[in-house]
Amino acid sequence: MKYIDLHLHLDGAITVDIAKELAQLQNISLPAKSDEELSKLLTVSENCSNLNDFLACFDLPLSLLQTPQGLSTCVYLVAERIKAQGVVYAEIRFAPQSHTRKGMTQEDAIKAALEGLKRTSLKVNLIVCLLRGNDNRTENEETLELVKKYLVEDGGVVAIDLAGAEALYPTADYADLFKKAKELNIPFTIHAGEASGAESVRLAVEFGAKRIGHGLRIFENPDVIDLIKKEGITLEMCPTSNKQTHAIADMAKYPLKDYLSQGINVTLNTDDPGIEGTTITDEYLYMEKEFGLTESEEKELLKNSINAAFTSDTVKDWLKKELL
């Protein structure tokens, strides 16, 4: 089967093999003596109780992405890995401000990621993340300006996102940044309805988001479901991630199929395949096994992904021929 992954974090996609290659490339000593130890450091623990615990798993992967060489190579390796798993189009997201610990500027980080794109034959674009936080307003504003500078329709930076601890840093706090993004004609998706409820999704849609990262908890408010349907908003759903962060109390009630049956534009994605120990194939198999996802529903998910992709009509036409 061939796949699309619209919601994939670069730092969350580092597997044991990729970590070892990045460490060797940069002469970094990994804090593990065996692959098994390294795997435990890179993947989320079974004791993970919420999104904040989950986000702590990113420390080691990010330590490998602080040079242009490391960042560029990681984009290439992740793209090649998912291509080997059947992905034919992906959007990889990363936050340039997370890669400045060793002297790279945010612009250096974007340039490095673009270099990585040039090395892969996979059709892949970049989504640049703004970050939720207390003291990074200046960094977020700089990210926005850089995205405007590098924005293309296809083959590079195509959109922005807002990522991070949603419950700690409410979506409402970022209204002005997305107002500016809209003025600059920058397309965007926003993580919402994951660690916070349906109101976070409503705000993201009101800001002008055409896609929502997760959007899981819209079931908490029928009015928000109606808004999503009316505006034709696409949900980037990630079941394994939601299971591990306990974004929903009972996974048996995971609403992906329910949303799909209501005509909501649902897509199926990995989020952080390295940290979660998953692949896009695993996500589809999980939905088939646990929820009875059918072949026709899988086609619907792929069609939604094509329609929502931040890419050119030419690429969308090609994807329709490949997948539908």
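Which residues line the largest cavity? They are Asp 5, Arg 81, Ile 82, Gln 85, Val 87, Thr 270, Pro 273, Thr 278, Thr 279 and Ile 280, where a lining residue has an atom within 4 Å of a cavity point. This is a predicted model, in which local features need pLDDT of at least 70 and side-chain atom pairs count only at pLDDT 80 or more, while totals for chains, interfaces and linings use all residues. Residues are numbered from 1 along each chain as its sequence is written, and side-chain values use heavy atoms, with hydrogens and water left out.

**The cavity**

- A search of the whole structure finds one cavity of 30 Å³ or more; a cavity is a set of points, on a 1 Å grid over the protein atoms alone, where a 1.4 Å probe fits but cannot get out.
- The largest cavity holds about 40 Å³ of space, the volume being the space filled by probe spheres set on the grid points.

**Helix 14**

- Ile 280, one of the lining residues, also belongs to helix 14, which covers residues 280-291; helices are DSSP runs of H or I with at least four residues, and strands are runs of E with at least two, numbered from the N terminus.
- The 12 residues of helix 14 reach 16 Å from first C-alpha to last, close to the 16 Å expected at 1.5 Å times one less than the number of residues.
- Buried in helix 14 are Ile 280, Glu 283, Tyr 284, Tyr 286, Met 287 and Phe 291 (buried means under 20% relative accessible area, exposed over 50% and partly exposed in between, with a 1.4 Å probe and protein chains only).
- These buried residues fall within an arc of 155° seen down the axis of helix 14, so they line one face of the helix; the arc is taken from the directions from the helix axis to the C-beta atoms.
- Gly 292 follows helix 14 and has a positive phi, near 70°.

**Two loop residues**

- Thr 120 sits in the loop between helix 6 (106-119) and strand 3 (123-131), and counts as buried at 9% relative accessibility.
- Leaving aside neighbours within four places in sequence, Thr 120 is in contact with Tyr 76, Ala 79 and Glu 80 (contact means heavy atoms within 4.5 Å).
- Leu 151 sits in the loop between helix 7 (137-150) and strand 4 (157-163), and is partly exposed, with a relative accessible area of 23%.
- Beyond four places in sequence, Leu 151 touches residues including Val 158, Asn 185 and Pro 187.

Conventions:
On a 1 Å grid over the protein atoms alone, a cavity is a set of points where a 1.4 Å probe fits but cannot get out, and a pocket is an open set with protein on both sides within 12 Å along at least five of seven lines; lining residues have an atom within 4 Å of a point.
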